[in-house]
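Hello,

Here is the structure I promised to pass on. Please look through it first; my notes on what was found follow below.

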Amino acid sequence: MNTICVEDLSLSLGGMPILKDISFTIDDGQVIGLLGANGSGKSTLIKAILGLHRFQKGTVQLLGKPLKDFRAWDQLGYVPQRASVSMHSTTVMEVVESGTLANRRVGWMGAKQRASAMDALEVVGLADQSKELYLHLSGGQQQRVLIARGIVNKPRLIVMDEPFAGVDLANQTEIATALGEFAATLLVVLHETEALASILDRTLILRDGRLVYDGVPTKIHADAQHKPEHTHHTHLLTGMEHRWTS
Amino acid sequence: MDFLTFAFVQRALLASALVGLSAPTIGTYIVQRRLSLLGDGLGHVAIAGVGLALMTGSAPLPWAVAICVAGSILIETLRQKGRATGDIGLAVLFYGGLAAGVLMASVAGQGAGALSSYLFGSLNTISVTDLWVVGSLAAVILVIAVGLSPQFFAISADEDFARTLGLPVRLYNYMIVILAAITVTIAMRTVGLLLVSALMVIPVAAAQNIFSGFWKGMWGAMGIGVIASTGGYMTSIYADVSPGAMIVLITIGFFAASWPVASLIHRHWRPRKDDIDPLPVPHLTTEAHDHVHGPGCGHPSVHHGDHIDYIHEGHLHAPHGDHYDEH
């Protein structure tokens with residue numbers, strides 16, 4: 001079954017076209033990296049898929065349901081960019097617990113929610129910091145808290161917007177391994193594919209709002225490992241686009 | 001303490017306690033949303049309601065509630081549609097409400113002086129009817145703001161994420177600003193419309209200095225709000241000064257005291273960094289490799305404490321004598 005099905009999606013913001021005729025499908029259990037230079041439309045695309053941005057043309061289906069009829073929010077995990085949150089005077093546990101509110105329009109936090117939050121914090125290696133203030137953590141640790149919040153319901157589909165920004169390589173690999181064990185479908189906006197190399201099934205590449213590549217990611221890893229100077233995403237993407245679009 | 005036997009003092013104490021409890025509760029969400037001046041803007045809108053009441057010769061509180069709620073819905077609609085940033089929307093409310101209020105009061109044949117009891121509060125003149133209205137509205141605010149606190153926290157901290165939880169984010173956003181508008185109007189008889197924002201924001205800031213976490217901060221802010229409101233009123237009787245101003249100054253006193261109190265608490269409960277024995281760092285060497293790390297070697301470098309590590313196939317290699325350590 002398709003977990004995500006995007007057909008002919010076009011989106012403009014303030015009259016400016018951002019996404020142009022994008023179509024792709026993601027099957028159950030696939031791990032997909034979404035790459036592209038700054039301003040290529042990666043974040044806008046995942047926000048459109050999640051219903052956070054209205055699109056003018058096309059359709060999106062999540063877990064077999066058209067977006068407007070989608071209600072299985074507990075099956076969906078979203079990890080936004082760290083800069084988009086306002087966690088003033090909030091503990092790590094409170095941040096992660098808030099993820100358990102899927103489809104709970106009323107109701108308080110109880111032992112069940114706390115246990116789920118603690119499990120998610122174990123996955124990202126921050127269980128010991130559950131009582132710390134979110135803002136007292138390092139940037140990488142804050143990012144891991146947001147990842148824990150996104151996976152707290154053990155969702156079938158996880159959508160992440162640059163989840164590894166500021167996270168060191170050792171922790172990236174550890175989190176990627178843990179994510180791989182979830183057997184969930186993953187759509188991840190990435191700058192570099194290195195951290196997810198072992199679990200990536202496919203890569204999508206956006207350029208100027210268009211999908212310019214949809215295929216296997218093996219060449220990215222090969223190049224990235226043998227030419228460290230090419231791990232910078234701009235060099236990498238330029239190289240990939242030349243190869244795959246020629 | 002003989003003055004406590006007077007009915008007007010009892011009514012004033014009860015009203016100030018109710019406002020002291022409800023203003024910081026809704027203020028917690030306002031602070032989290034970084035809209036600390038929302039209460040101030042809504043206070044100015046409520047002045048238009050009072051001016052309208054003076055012009056029509058009717059009771060001010062219902063008009064203030066109606067106008068203030070309408071203003072809050074307008075500002076939230078503008079914010080949600082992205083037609084105006086929070087700041088611009090607040091500025092329009094601020095000046096428009098104040099100007100309309102003064103204009104209508106003057107049309108009613110009364111100068112700005114007629115507005116002063118609402119601008120700065122007049123606790124001693126609260127009637128039994130006023131107290132019932134204030135009590136009922138405060139109960140509504142507290143039940144909703146505390147009852148839906150997990151959901152309100154989620155949308156205040158991260159609106160996009162809350163949407164992906166299936167929460168009715170628009171509805172809850174409207175509820176928060178409407179509750180803020182009601183809070184402002186019930187506070188106009190205690191601290192007054194010009195000072196109400198202080199009671200919504202400053203207890204929250206003081207509590208967040210002392211207590212760790214959103215909910216502890218909210219309970220703490222409610223406690224500080226009640227103590228500052230009732231304590232401020234009592235002090236104003238002894239000192240024979242304006243109760244509204246005294247309440248706000250005591251709230252600011254709590255905020256000033258929150259820094260040293262927080263410092264004492266953290267020093268007492270948390271071990272100092274020096275007291276913690278650092279964990280021994282194991283000495284792990286890398287597999288032997290011919291490649292020599294250095295500037296321009298092709299591997300990204302990162303600062304690590306007092307030295308530089310090189311990222312080599314997902315590992316951090318640190319030069320150490322004639323070999324490299326795994327960091």
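**Notes on the model**

A:Ala197 sits in the loop of chain A that runs between strand S8 (185–189) and strand S9 (202–207). Please bear in mind that this is a predicted model. A:Pro217 is 20 residues away from A:Ala197 in sequence, and the two C-alpha atoms are 8.3 Å apart in space.

Chain A as a whole

Chain A has 246 residues, and 53% of them count as buried. Its secondary structure consists of seven helices and 10 strands. Among contacts in chain A with a separation of 6 or more, 69% are between residues 24 or more positions apart. The accessible surface of chain A is about 10500 Å², and carbon and sulfur atoms hold 49% of that.

Where the chains meet

How much area do chain B and chain A bury between them? The figure is about 3000 Å², with 57% of it on carbon and sulfur atoms. Three residues, B:Phe161, B:Thr164 and B:Leu165, supply 20% of the area that chain B buries against chain A, which is more than any other three residues. In terms of residues, 36 from chain B and 34 from chain A take part in the contact.

The interface of chain B and chain A also has two salt bridges by the rule used. B:Asp158 forms a salt bridge with A:Arg149, where the closest N and O atoms are 2.7 Å apart.

A patch on chain B

A nonpolar patch on the surface is formed by B:Met55, B:Leu103 and B:Val107, which together have about 290 Å² of accessible area. Of this group, B:Val107 belongs to helix H4 of chain B, which covers residues 86–107. Is B:Val107 buried or exposed? B:Val107 has a relative accessible area of 56%, so it counts as exposed, the cut-off being over 50%.

Regards

Technical notes
Residues numbered from 1 in each chain as written. Chains lettered and ligands numbered in written order. Predicted model: local features only at pLDDT ≥ 70, side-chain atom pairs only at ≥ 80, totals over all residues. Heavy atoms only, no water. Patch = residues over 30% accessible without salt bridge, like charges linked within 9 Å, V, L, I, M, F, W, Y side chains within 5 Å. Areas by Shrake-Rupley, 256 points an atom, 1.4 Å probe, with all protein chains shown as cover. Salt bridge = Lys/Arg side-chain N within 4 Å of Asp/Glu carboxyl O. Helix = DSSP H or I, 4+ residues; strand = E, 2+ residues; numbered from the N terminus. Buried < 20%, exposed > 50% of the residue type's maximum accessible area, 1.4 Å probe, protein only. Contact = heavy atoms within 4.5 Å. Buried area = accessible area lost by both parts, 1.4 Å probe.
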